[in-house]
Each structure stands twice: as structure tokens, then as C-alpha cells.
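The entries follow the order in which I consulted the model.

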Amino acid sequence: MTSTDASNLYLPDMGTIQEVIEETANIKTFRITLNNPDAMRNFRFEPGQVGQLSVFGVGESTFVINSTPTRMDYLQFSVMRVGELTEKLHKLRPGDQVGVRAPLGNSFPYKEMRGKDIVFVGGGIGMAPLRTLLLYMLDNRDDYGKITLLYGARSPFDMAFSYELPDWLEREDMTTELTVDNGTPDWPHHVGLIPNVLKEMAPSAENAFAVTCGPPIMIKFTIEALHTLGFKDEQIITTLEKRMKCGVGICGRCNIGTKYVCKDGPVFTNKQLKELPNEL
Amino acid sequence: MLTARYIADDKLMPWLLSLAETRQVLAPVRQGGQTLFAPLDADSQLDLEGLADASAKAALLPRCETLLEFHYSKGEGVPSRTELEVRETLPDRDAFLFGARPCDAKGFTVFDRVYDGGSRRDIYYCTRRDKTIVAALACTDPADTCFCNRVGGGPGDTDGSDILFTPVEGGYVIEPVTERGEAFLAEQPLVEAEGRLEEARQVRKDVAESMPGGDPLGGAQGEVLRLFDDQEFWGGVAAKCLSCGACSYLCPTCYCFNMTDEINGDDGVRVRTWDNCMSFQFTLEGSGHNPRNGKAQRMRNRIGHKFSYYPELHDGNLACVGCGRCIVHCPVSMDVRAIVAQARDRALAKQEHAND
Ligand SMILES: Cc1cc2nc3c(=O)[nH]c(=O)nc-3n(C[C@H](O)[C@H](O)[C@H](O)COP(=O)(O)OP(=O)(O)OC[C@H]3O[C@@H](n4cnc5c(N)ncnc54)[C@H](O)[C@@H]3O)c2cc1C
Ligand code: SF4
Ligand code: SF4
Ligand code: FES
């Protein structure tokens, strides 16, 4: 039970973990429902928005809601274990309580992307924000042109969402390519760095958007590769990560000049990024 | 409008103490060699000389405040701790902030635009703001480090205050500024100021005129931003900075915060505490990457926020009220006025160079 005052920005809704999926050695996915049935029924978000998850006693951290608004049975968050809060989250089990402050931030420009070809390039945990947009587009398939996904991880064992990959690989209405830095003898897909595989795949930049997410170094070289393929900065979309606390533009932690990643982001086009002061 | 009131010097403390019976009265008092805003009681040594060492911001944004309380309990027949109760802890106390200087009070307007920004209302701050009467005390003896007049304020200004006290011969003239201030004063057993209002106005005028001039420091948004990539400039400015954070902790307009949980057994609290962008940890990310790795970048953010980003977002209003505390208390004597002036000169020089 929570005393709920809708106007308190910092009071999380209480949620229950319904399911925990072990994605990789250090990534777990949590499917969470809000305890208040009305809050759950009325919950609205757009692909790309994030939430603050609370483990009371440890604190809050920011994660992308990587389920899709077209399927509202639960809110899904995939969490890489890196520090104190994520460590504690990984110990939680179905039935355990967490706090959820969501949705926060802006979203992918999925309306402007209608009618375009979409190229997804995800690295590691960076696949999480792409998943929400990909599922949304697959659920509204007719609105979008060709859909291409390139997903890379360090090794086959580091691939999240492995239970969905066969479907994505088999579907006729999308093209999926997987790559790893280090393969295993039975790995049937690419071995090699994401930007190199992307250049080989050479998706067309015409009437297209590319969405990329992953470690900063991967994003940097992926954007270079996209440029060689003819993608313009306004056709390239990415999400930024900054250390966040309030999530609503007050605590002053996540600004780059006048922009606050928590409310003006996390989604930006590369054109917008270039207009920001150089402080990424 | 209610007419002004008057209180004699020797009646002030008894009146404040009588107020303190029903609400918290915060006032500048001597504590361990410093003058700080603290709850007033009969033993307090009120100090109304000059500016308090710390700003009055803690009256509305406490250094440390509890936002939520939570309690874990064992679920029925389930050995793991799954039941969880979370409760918000909103401020409920009326307060009277006495002796804030006009710059301190104006600092609250800087907060208001962020914490009371339409759809984004920080209920803790806003509740405290609603429950606190801000009574400013006009300055009669500005220090060398004061520069309110160069950042859009003045020693007798009323921005952010509900009531203004002006020292006159033998006591204070008390004028309402807001309706809230007026309603509050109407209930107080204070005498009418009668003919003393003119005297108060003259005091304020004389003090304002006595302050040294100097270029206004507003309107430097573009200049500061144009220097963003000027490593040499920011490196030079920040060279002696110790990253101690004194400047932001004492500043009446710095409002950044952190939120952390504390737990003891099954009970815990989520607290909000002041934070400080001059610290390395402020923006440190999981990968070890830090977008503001060096003190030059952090200094650039502090100055940039006050004189460029904030004014850009808030109709040209600066996030500096010219109290000068950061100048007085910086262990290596950084002078924010000089930094902004240098930034402007440098940007203009560059511009001219580019135009040649
Ligand atoms: C918009 C956004 C979306 C995100 N989405 C996801 C997601 O879907 N899945 C996921 O696993 N992670 C995501 N993250 C990163 C996640 O928020 C951090 O990994 C997490 O907060 C670390 O918490 P911790 O308590 O375990 O780490 P801590 O113990 O607090 O710290 C460990 C290290 O992480 C750093 N750190 C703390 N918070 C953050 C932060 N918010 N961003 C970067 N570094 C941080 C610390 O400086 C420290 O070096 C996202 C971050 C942002 C800003
Ligand atoms: S920046 Fe310095 S002078 Fe300006 S309001 Fe803050 S402490 Fe006062
Ligand atoms: S008070 Fe001075 S030394 Fe300390 S962080 Fe501020 S500028 Fe640097
Ligand atoms: S997280 Fe607080 S301002 Fe962005």
C-alpha cells in the first residue's frame, strides 16, 4: 500500500515483479505490474521513454521501458548489473515489491518515422531501447517500410532477448543480422565489430531512419559507418545516458547546456546532438 | 493595500519570540563564530549586521530532508520480505523567515521557476514556500563583494519577499509586498508606520545610490556559450579551484540535489540533500566516463548555468543574485564577477578577431 498523491513527483507507484528472465550472465529482465489496477490500466507511455526503478533502502536508477505500449500486460525493464542498485535488483524475485516512477523523458519520433525504412543498430544492453520501438513497429507493421536489425554483443552468451531472436531471424517482414566480437564454433552468424558488419550490409539511406544504441564507442563508429552509407545527421537517432536522479529536470544533474537529458531526452537525432555544446 | 507598520528596535525580539510560539521563526543568529539562519528562541543572539554567512535557502530547501518513509514487513507465511509500505512526508509547519536580505529573497524566485514550473511542481518545495512568510530586511551597508545592482536586483528590492523591513531611526518600517504578506501583517499587533514611510524610501534610495556601479552582468548568455570549447580560458579560470564546493553550498540560487536511501532494519527513509556540480562525482557514469572530468569543465558548467543556460531557459533572468558569498568564502578567492567580465571580454575580442 502506498499513500498516493498524484502530484508528488518523487513518490513512486508500487509495483510487483511478475517475472524475472535471466538474459545473460549480467543482464536480467524484470516484468513488473503496478499494484494499483487503475494505475496499471491507465498507464500510458511512448516507445523510448524511461522509468526510475526504486529498490527501497538502496535508491533509484533509470531504465528504459523496453516493452511496447501496444502490449500493456506488464512493464518490462532489462537491467545490466553494474553497481549497488542493479546488484540488489538482480537479487529480487517474483512477488517482490519495487517502486516505479514512469514514464519519464521524451520518446522516439515514431510518428515522423512512418512510411520510412528503419535500420536498427544495437550493441549489448543498448538493444533494450531498440526493442520497444521494434516491437511497436512490428505491431504497426503497415506504417513502416523495410525494417532491418543489426544486433551485436561481445559473445553469443551476451545476447539479450535470445528467446525472441529466432522469431526476428525468421520473420519475412524484417531482416535480422547478428554479430559477436568473439564467436564460438557453432555460431552461425557474423563475427566482427558492429560498424564493419553494418558497412557490409549496406542498408540504403534513402527514405530511411537509423536508430542506434549501445556503448559510446560503438555509437561513435556506427555513426561514422552510417555517414559513409549516406545517412544524414537528421536521419540518425540515438539515446543518451547521463547520471540521473530526479528524472524531471529539477535536480540539475543531467544537463548539457540548456538541455536536460531526463526531459529533453534521452532520444536525440545526431543533428540535435551536434547543436548541443560538446559535453557528451 | 494595508498601510505600513512600524516596530521599535527593542520590541523586535519580543515580537519575533511571540511569533515563534505558533510557527517556526528562522532568523540570522550567531552560532560558533558565524551568522546563520536558524530557528529563533529566547537564547538566540540575533545578528542583523550585514549578510549572514550562509544563504537563507535552507528555509525552503533544507540541506537534508526526508521525502519518503518506508517499512518492510514479512508477508503472510512468506519468509522473504515482500510487504512494503511507502509514505510521503510533506512539510507541515508554518514558518516566518526573518532577516533574509533582498538578494536571498530574490534567490527564491530563481528556485520558483524550476521547482514550481507549471506541470512540474516539486510539492515539498512548493508546500514549504506556501507555508513560509519571507520577510526581507533592506540592506543599509552593502559589502565590497555585493553586486546585486549588477544582476538585476538592489539593496531594497522586494522580489521573492512577502514583507520588507527597512531600518529607520529607532526601529523598522514594515511594508507588505504580497497579499500573503499583507494578510499576515494585518493579524500582527504592530503599530502603523504613520509618517515614517517616506523615511524608509529615502533610506533605500540612498543605499542604492551608494553602491558602486559596474557593467551589468546579464545578457552574457551568448558570450559565455561561445567560449564553451575554449579550454584555455576555462582551464585558466579554474586553475586554482579546489573543487571544494563552498561556492555552491553557500549560494542562494544553487538548487541541485541528490536523493539517497537510508535503511535501518526494516525501516528506512529516502532523503534529499544538496548536491554540488563542482564535485567530480556529480556526473560520473557507470562506464567510468565523466562528461565533466576536469575542474575546468565543472567551473564552466557553474558559470554557464548561472549566466547562460538558466537565463536562456527563464526569460533572461540570471541564476545569480549578487550576494557575493561565493567570493567571500572561496578559499582561493575566485571572483565570479571577474570571471563573467573576463568571459565577455574574451568572447568580444574573439569576435572582433574573427571579423577582421
Ligand atoms: C536514460 C537512461 C536509460 C537507461 N537505460 C538502461 C537500461 O535499460 N538498462 C540498464 O541496464 N541500464 C540503463 N541505464 C543505466 C543505469 O541507469 C545505470 O547503470 C544504473 O543507474 C547504475 O545504478 P547502480 O546503482 O547499480 O550503480 P551505482 O552503484 O550507483 O554506480 C555504479 C557506477 O555506475 C555509475 N552510474 C550510476 N548511475 C548511473 C546512470 N544513471 N547512468 C550512468 N552511470 C551511472 C556510477 O557513477 C558508478 O560509476 C540507463 C541510464 C539512463 C540515463
Ligand atoms: S553565484 Fe555567488 S554572488 Fe551569485 S548568488 Fe551565488 S553565491 Fe551569490
Ligand atoms: S569555493 Fe572556490 S575553490 Fe571551492 S569549488 Fe568554488 S570556486 Fe572552487
Ligand atoms: S535527472 Fe534531475 S535534472 Fe535531469
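The entries below cover conventions, the ligand site and the salt bridges.

**Conventions.** I worked from a predicted model, in which local features need pLDDT of at least 70, side-chain atom pairs count only at pLDDT 80 or more, and totals for chains, interfaces and linings use all residues. Residues are numbered from 1 along each chain as its sequence is written, chains are lettered from A and ligands numbered from 1 in the order in which they are written, and side-chain values use heavy atoms, with hydrogens and water left out.

**Ligand site.** I located ligand 1 between chains A and B. I found 23 residues around ligand 1, of which A:Met80, A:Glu84, A:Thr86, B:Leu284 and B:Gly286 come nearest; a residue is near if one of its heavy atoms lies within 4 Å. By class, I noted twelve nonpolar, six polar and five charged residues in this shell. In chain A, β4 (59-64), β5 (75-80) and α2 (84-91) each supply at least two residues of the shell, and the largest share, four residues, comes from β4(A). Helices (H or I, at least four residues) and strands (E, at least two) are DSSP runs, numbered from the N terminus.

**Polar contacts of the ligand.** I took pairs of N or O atoms within 3.5 Å. An oxygen atom of ligand 1 is 2.5 Å from a side-chain N or O atom of A:Thr86. A nitrogen atom of ligand 1 is 2.8 Å from a polar backbone atom of A:Ser78, and a nitrogen atom of ligand 1 is 3.3 Å from a side-chain N or O atom of A:Glu241. Taken alone, ligand 1 exposes 850 Å², and the protein buries 85% of that (Shrake-Rupley method, 1.4 Å probe).

For burial I used relative accessible area: buried is under 20%, exposed over 50%, partly exposed in between (1.4 Å probe, protein chains only).

I looked up B:Arg272 and B:Asp122, whose closest N and O atoms are 2.9 Å apart. B:Arg272 lies in strand β14 (residues 267-274) of chain B and B:Asp122 in the loop between β8 (120-121) and α3 (123-131) of chain B, so the pair ties together parts that are 150 residues apart in sequence. B:Arg272 is buried at 1%, and B:Asp122 is buried at 0%.

I then looked up B:Arg270 and B:Asp261, which form a salt bridge at 2.7 Å between the closest N and O atoms. Shared partners join A:Glu60, A:Arg101, B:Asp261 and B:Arg270 into one network of salt bridges.

Definitions and conventions
Polar contact = N/O pair within 3.5 Å; in protein donor to acceptor, adjacent residues only side chain to side chain. Nonpolar A, V, L, I, M, F, W, Y, C, P; charged D, E, K, R; others polar. Salt bridge = Lys/Arg side-chain N within 4 Å of Asp/Glu carboxyl O.
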